[in-house]
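Please open the model in your viewer and keep the sequence panel beside it, ready for selecting residues by number.

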Amino acid sequence: MPLYLNDSLNFISKLTPKRVWNGIKVVSSFYVTKWTKKPIQWGMPFTVSFEPTTACNLRCPECPSGLRAFTRPTGNLKEDFFKDTIDELHKELLYLIFYFQGEPYINPKFLDMVKYANDKGIYTITSTNGHFLNDDNARKTIESGLDRMIISVDGTTQDVYENYRKEGNLENVLQGAKNIVKWKKKLGSKTPHLIFQFLVVKPNEHQIPEVYRLAKEIGIDEVKLKTAQVYDYENGNPLIPTIEKYARYRQSANGKWEVKNELLNHCWKLWHSCVITWDGLVVPCCFDKDATHRLGDLKQTTFKAVWQGGEYDRFRRQLLKGRDQIDICTNCTEGCTVWV
């Protein structure tokens with residue numbers, strides 16, 4: 001994995017004694033849990049994903065937001081609620097992901113919330129489909145202090161790109177990326193660290209070399225190749241790549257397809273991170289897209305009470321007994337981003 005010095009130094013600069021000590025407690029409790037098979041949790045999460053919105057302008061075929069398939073309501077994260085939660089968490093919180101479902105820039109207060117977290121010394125990251133990076137938003141993004149931006153570029157020509165990014169316009173995305181690069185230079189900013197994320201599927205796998213060329217041409221810092229999660233995979237799926245190392249799934253001897261990774265009865269995510277939906281629900285991880293495993297509601301109680309509460313303890317115990325019995329775990333692959 002290549003090292004990106006500016007981004008690494010920026011991340012390290014966010015460390016404080018309290019955050020380091022919290023990290024030590026979290027890591028220690030995770031390993032004690034693995035040894036004892038009992039859900040021990042000594043720290044607070046040092047990574048949290050906040051959902052700016054469930055709304056999206058695209059209709060990607062393997063995304064509940066794109067398919068308009070949620071059973072939960074669509075809405076935008078409220079700034080006051082966000083600030084209250086960050087005020088509770090910021091002393092231990094190191095890494096804040098402004099993304100779960102939906103397109104973050106649809107929330108009109110999104111960049112104000114990024115700035116608030118940045119002012120608290122938290123490393124901030126977002127993932128965007130790139131359609132809202134007009135000149136004004138690009139400048140405001142740099143001024144917000146956002147540390148890392150992932151831009152989804154799942155094809156290098158419009159016909160291939162729109163095969164997955166339904167109703168998307170590649171030229172708009174590339175122009176948005178150019179706007180961000182331009183304003184970084186104009187404002188003399190080292191952030192955000194810019195990433196082109198290429199979701200490898202069968203229709204675009206032949207364009208992998210081209211996305212590297214395109215990123216270099218525009219001035220993007222890094223390219224990440226990500227394996228695709230598909231929901232209907234047992235009988236095969238036209239999105240599963242033919243290049244084996246980019247597929248999360250493999251075909252077994254009986255002709256059926258299965259997830260490659262062995263499903264172990266522990267999960268690092270349940271100890272160091274969580275997801276908070278736009279309306280204040282706490283769910284275990286990013287695989288719970290419809291928020292079916294609701295471990296608490298921050299409109300009714302504090303985050304600490306949820307994190308150390310009975311529902312979280314019950315879910316961690318269930319996971320330790322049989323992860324294959326939890327629906328959101330059965331299609332999970334830890335480490336789903338492939339570095340080449």
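This is a predicted model: local features need pLDDT of at least 70, side-chain atom pairs count only at pLDDT 80 or more; totals for chains, interfaces and linings use all residues.

Residues are numbered from 1 along each chain as its sequence is written, and side-chain values use heavy atoms, with hydrogens and water left out.

Select residues 17-36 to show helix α2, whose 20 residues reach 28 Å from first C-alpha to last, close to the 28 Å expected at 1.5 Å a residue; helices here are DSSP runs of H or I with at least four residues, numbered from the N terminus, and the expected span is 1.5 Å times one less than the number of residues. Colour R19, N22, G23, V26, S29, F30, V32 and T33, which are buried (under 20% relative accessible area, 1.4 Å probe, protein chains only). The buried residues of α2 pack against α10 (269-272) and α12 (310-321). Just after α2, K37 has a positive phi of about 65°.

Next, select residues 79-89 (α4) and 110-119 (α5), whose axes come within 10 Å and cross at roughly 15°. The two helices are therefore roughly parallel (an angle under 35 degrees). Here E79, F82, K83, I86 and D87 of α4 meet D112, M113, Y116 and A117 of α5, with contact meaning heavy atoms within 4.5 Å.

Conventions. Axes are lines fitted to C-alpha atoms, for helices over the stretch in contact, and angles run from 0 to 180 degrees between N-to-C directions. Angles under 35 degrees count as roughly parallel, over 145 as roughly antiparallel, 65 to 115 as roughly perpendicular and the rest as oblique. Buried means under 20% relative accessible area, exposed over 50%, partly exposed in between (1.4 Å probe, protein chains only).
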